[in-house]
Amino acid sequence: MASSPPVLLKVYDQIHQFEPLLPRARLDELCLATRAVVEKSLRLQGAASESAREGLREVVRAMNSYYSNRIEGQGTHPVNIDRAMKQSFSDKPAVAKLQRIAVAHIEAEKELEHQMPDQAAVLRSDWLLKSHACLYGRLSEEDRRTDDGHVVQPGTLRTEEVSIGRHQPPAWRSVPAFLARMDEVYGRAWGFDPMLYAIAAQHHRAMWTHPFRDGNGRASRLQMHCALWPLTAGLWSVNRGLARQQNRYYDLLSNADMARHGELDGRGNLSERMLWEWCRFFIQLCEDQVTFMTKMLNLDELKERIRGLLLYRSASGSYQGYRQEAVLPLHHVLAVGPVTRGEFVQMTGLAERTGRKLMSQLLKDGLLVSDGPKGPVGIGFPLDALHLLLPNLYPEAATASFD
């Protein structure tokens, strides 16, 4: 949360004051680390069936919303997000507001994904403004009101001086010039090797410039999500990694605000070494996330997790009609894609009536999904099964909600 400073500690109003915008030394280390992320990400994009990947993207969007809002201290329980997506909102005004913010984030992410420009444009400031507008434009004036009474204006640059902890962002009249300089540096096509350090550096300098009165973190992470799309394809979440290392995230962003550390620390006003450290952390975090998701989508391991889920539910009094005969057809629709209802029943090896009863229960519980009452069935990822199907992906979803 930004606040108006009583005294300006330092006035930033010249664009040279946030140079360098990219690290210049030890780039080979960053590029080498990036190649591992690229290779794993491209392999992951072929994992499981396309319908399974699309179902997983829905889970990741909810995760992105949860973790980005939690970073801002405004997270709501995953169960509440799931309910809000089904238009079920809490009777408690504070909880309902957080639900609406979460849904706005999910819908903004979807809209941005469908309108993404080429890579040269996605790191430009106009896409950052669009990200801010897509999110806050979905909220009522009251839901855009901050704790200090300020109403966030969607996609609008700030018109006042602010301070964020120890950091004094540029004077508000200078923000357009700082953004224009960022566009000169970041607004171009990046090959895979420099892609991640360019995204990381742009994220820091956008946060450092603090172009909006409020919502800078959320908007910047939405922009980052779009910039990473060629690698993630929506299948892994950088927000998950940032939230799980939130203190480190903030510390390294803050360190990259530092002034140059002597003659061996680049030639700009700010520390090149600290910018490099932030970029390296970001690349490592990306590799952690894609490595984790690759393990989650290993088909052999998924088959055993499906078996464990069915075994657990068949022994539980809370679930009815679960049988181990569903392991093979569930694994098939996950790996290959949707099948007709008759094919699913046939793969269970059960009698027609028993197999259809089992299929109906799986549809009711969300482990199977279908576009219509007679349409093909595909794999689903219901929230209450994630802790067994995709353990530790979204652990907060398995905890009790006390809202």
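Reply: Buried means under 20% relative accessible area. The model is predicted. At 13% relative accessibility, Cys31 therefore counts as buried. Cys31 is in no disulfide, and the nearest cysteine sulfur, that of Cys279, is 11 Å away. A disulfide needs the two sulfur atoms within 2.5 Å. Cys279 is likewise in no disulfide, and it counts as buried because its relative accessibility is 0%. A search of the whole structure finds zero disulfides.

Helix H1 (residues 27-44) packs against helix H8 (residues 192-209) at an angle of about 105°, and their axes are 7 Å apart. Angles of 65 to 115 degrees count as roughly perpendicular, so H1 and H8 are roughly perpendicular to each other. On the H1 side the contact is made by Leu27, Leu30, Cys31, Thr34, Arg35, Val37 and Val38. H8 contributes Phe192, Asp193, Pro194, Leu196 and Tyr197. By class, the residues of this contact are nine nonpolar, one polar and two charged.

H8 is also among the elements that cover the buried residues of H6, together with helix H4 (93-114), helix H5 (119-122), helix H7 (175-186) and helix H9 (216-232). The buried residues in H6 include Ser125, Trp127, Leu128, Ser131, His132, Cys134, Leu135 and Tyr136. Helix H6 (residues 125-136) has 12 residues, which at 1.5 Å a residue should span 16 Å; its end C-alpha atoms are 17 Å apart, which agrees.

Conventions: Residues are numbered from 1 along each chain as its sequence is written. This is a predicted model: local features need pLDDT of at least 70, side-chain atom pairs count only at pLDDT 80 or more; totals for chains, interfaces and linings use all residues. Side-chain values use heavy atoms; hydrogens and water are left out. Buried means under 20% relative accessible area, exposed over 50%, partly exposed in between (1.4 Å probe, protein chains only). Axes are lines fitted to C-alpha atoms, for helices over the stretch in contact, and angles run from 0 to 180 degrees between N-to-C directions. Helices (H or I, at least four residues) and strands (E, at least two) are DSSP runs, numbered from the N terminus. Angles under 35 degrees count as roughly parallel, over 145 as roughly antiparallel, 65 to 115 as roughly perpendicular and the rest as oblique. Contact means heavy atoms within 4.5 Å. Ala, Val, Leu, Ile, Met, Phe, Trp, Tyr, Cys and Pro count as nonpolar, Asp, Glu, Lys and Arg as charged, and the others, Gly among them, as polar. The expected span of a helix is 1.5 Å times one less than its number of residues.
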